[in-house]
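Dear colleague,

Please find the structure below, followed by a summary of what was found in it.

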Amino acid sequence: MTFGFNVASSGTYSAAGQQELRGFELAVKHINNGGGWVTNDSYESPLSGDGLLGKDVEYAVEDTGGSSDTARTNAQRLVDSEEAIMLAGGTSSGAGVANQEVAAQNQVVYMATMAHANSLTGAECNRYAFREMFNSHMTAEALAPVLREEYGENVNYAKFFEKNDWGKTMRDDMDAALGEIGWSPVWEHSSQVGTSDFSQYASEIKSVDFDVIVLSLRGLDAANALRAFREAFPDSDIVLPLASLEVAQTAGDAIDGVLGTVAWSPAITSPLSDTFREAFRGEYSGTAASIPSGSAHIAYTQTLQYASAVERAGTFNPIEVIAELEDHGYDAGLGSQTLRACDHQAMRRVPVVRGKPEAEQSYGSYYGLIGEPANVQYGCDSGPAAECSLGGS
């Protein structure tokens, strides 16, 4: 039985994609040989570490390069040539949408990873796709009360976003949430994915009366923008709605004081978070990526959720596996959560973080948690879910 992993091993999002792949590979190893969550008493699962339904799991990997077109071609190749029974990946939202379209066309379950756009479990949802990662709506809802507490109300903010569907959606969600706490936008600009020089944009806002900069950027773009804006405004307050260990590591001292959300943090302590962190370190010790990021955690979680559903169903038949995934409650190290039947979105907590000063940083530790992860659940008739129609099988 083959799993198909379609990730961005190259390009702007490659650091996250490579972490995803390590999480996928570790999950497959534990499914076949035990270890990690599979043999942890805190993880309630039918997995026993001897494969799936008596068969060893193999996997095939494709590199999207962050391109949705490449992701679509790759996904079809994984189904046709590798006979993948499950697709996973989606380091970017565009690639995530492409993956889930191919999954539905071929009646193969798709487990999204870092794809963050609302549309995956909103307007473009489908019966075969599931997402563990929270979406941009949940990010904005988690951040707004923290930003009000940190900076107050009646704040002027400058906003910068990726010139793609995810960037525009993240911008709009932040605008809506910040408007609720009395913040006002005073400047905005966008850039193409892959922009390396943001100094020109920093120069443009020197004459703007702003209090906070909100950067709806990801990957290497986010790190480059942080360095440019921090150099131009060393004392400025910056918000990076979707932050990550990979971005923080690349940004270095520019991450100091930056507020954002992360998929998961190695600083989270719980039986399952601790088990995953130590298993990952043990597997990749001696490498430059021995500290797991949220990208690795999401990939590991999604793979084991699919495998557990197969075991519960007693079959690889996708319709029966989908039925086992829908409304399934579980813990992935952040407390109890559910993969909802109405939109296939995980209702889970969202960690909010603040970047550490350079003097307090160490390898793998670049930001600190702000309070407990936020609980930002919303109903099936509201938010992105209101636009989701899964249809029949």
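The largest nonpolar core of this predicted model has 50 residues, a nonpolar core being a set of buried Ala, Val, Leu, Ile, Met, Phe, Trp, Tyr and Cys residues joined through side-chain atoms within 4.5 Å. L87, L147, M174, L178 and W183 have the most contacts inside this core. Among the elements that each supply at least two of its residues are helix 2 (68–80), strand 3 (84–89) and helix 5 (165–180); helix 4 gives the most, with seven residues. Helices (H or I, at least four residues) and strands (E, at least two) are DSSP runs, numbered from the N terminus. Domain 1 (2–134 + 267–348) and domain 2 (137–262 + 351–371), with bounds from an automatic or database domain assignment, both give residues to this core, so it lies between them.

Two residues other than glycine have a positive phi: L53, near 50°, and E83, near 55°. L53 is in the loop between helix 1 (14–33) and strand 2 (58–63), and E83 is in the loop between helix 2 and strand 3. L53 counts as partly exposed because its relative accessibility is 29%, whereas E83, at 61%, counts as exposed. Here, buried means under 20% relative accessible area, exposed over 50%, and partly exposed in between (1.4 Å probe, protein chains only).

Residues are numbered from 1 along each chain as its sequence is written, and side-chain values use heavy atoms, leaving out hydrogens and water. As the model is predicted, local features need pLDDT of at least 70 and side-chain atom pairs count only at pLDDT 80 or more, while totals for chains, interfaces and linings use all residues.

Yours sincerely
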